[in-house]
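Subject: Structure handover

Hello,

The structure is below, followed by notes on what was found in it. Please read them with the model open.

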Amino acid sequence: MVKLNKIYTRTGDDGTTGLGTGERRMKSDLRVEAYGTVDEANACIGLARLHTAAGDPELDAILGRMQNDFFDLGADLCTPEAKEGKPLGYEPLRMLGSQTTRLEADIDQLNARLEPLRSFVLPGGSPASAALHLARTVTRRAERLMVALAATPGEHVNPEAVRYVNRASDLLFVAARVANDSGKSDVLWVPGKNR
């Protein structure tokens, strides 16, 4: 159980932060960037939910589950695998395939409301859709950072975490269309329109 009774600790005043392992890293470290960007995406989803809570309870419930999963994802990323010979002393929270499978089911459920696309969609339409597109792009940035981290020598990223975040951005795209009156209010890209 998490207990936060003191918000400031002053331990980060030197530009470092503590990982779940107790190791300190610079706040500009790629791992910290990755889980910080997941947190940013989660905040964007929270903003979108201001517009979905009353209008689409099914979509809002899906987004609420995603927000919780994004905290799981952040916990996974902030707790790198223990170095050889240095056990953590606890079982770290890791993303599981069942979470990705759930996202896929949610995508299929939401996508059933939509007509197939015949063009790319411009971010916008309704306030909920615009916020969901923002969440989608921030989630894609988190994914890029996670992939870069996984490619860094000496670093490890749970492959299921990468699969999850990839699927999460797909869900946010579909959700943005659903929030645009099931795609009827989508703003479509017209190639070369303003030449």
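Cys44 lies in helix H1; helices (H or I, at least four residues) and strands (E, at least two) are DSSP runs, numbered from the N terminus. With a relative accessibility of 10%, Cys44 counts as buried (buried is under 20% relative accessible area, exposed over 50%, partly exposed in between, with a 1.4 Å probe and protein chains only). Its C-alpha is 7.2 Å from that of Leu132, although 88 residues separate Cys44 and Leu132 in sequence.

On provenance, this is a predicted model, in which local features need pLDDT of at least 70 and side-chain atom pairs count only at pLDDT 80 or more, while totals for chains, interfaces and linings use all residues. Residues are numbered from 1 along each chain as its sequence is written, and side-chain values use heavy atoms, with hydrogens and water left out.

H1 also contributes to the largest pocket, giving the most to its lining with 5 residues. A pocket here is an open set of points on a 1 Å grid over the protein atoms alone, where a 1.4 Å probe fits, with protein on both sides within 12 Å along at least five of seven lines; lining residues have an atom within 4 Å of a point. The largest pocket holds about 330 Å³ of space. Strand S1 (16–18), helix H1 (30–52) and helix H2 (57–77) are the elements that give two or more residues to that lining. Among the lining residues are Thr17, Tyr35, Asp39, Phe70 and Cys78.

Helix H3 (residues 97–111) has 15 residues, which at 1.5 Å a residue should span 21 Å, and its end C-alpha atoms are 21 Å apart, in agreement (the expected span is 1.5 Å times one less than the number of residues). Its buried residues are Gln99, Thr100, Leu103, Asp106, Ile107 and Leu110. They cover an arc of only 115° around the axis, which puts them on the same side of H3; the arc is that of the directions from the helix axis to the C-beta atoms. Ser98 and Asp108, on the other side of H3, are exposed.

In H5, 14 of the 20 residues are buried, so this helix is largely enclosed by the rest of the structure. At its start, a side-chain oxygen of Asn158 comes within 2.9 Å of the backbone nitrogen of Glu160.

Two residues in the loop between H5 and strand S4 (187–188) are worth a look: Asp181 and Ser182. Phi is near 55° in Asp181, a positive value in a residue other than glycine, and phi of Ser182 is likewise near 55°. Asp181 counts as partly exposed, at 46% relative accessibility.

Regards

Terms used. Polar contact = N/O pair within 3.5 Å; in protein donor to acceptor, adjacent residues only side chain to side chain. Points joined across faces, edges and corners; volume = space filled by probe spheres on them.
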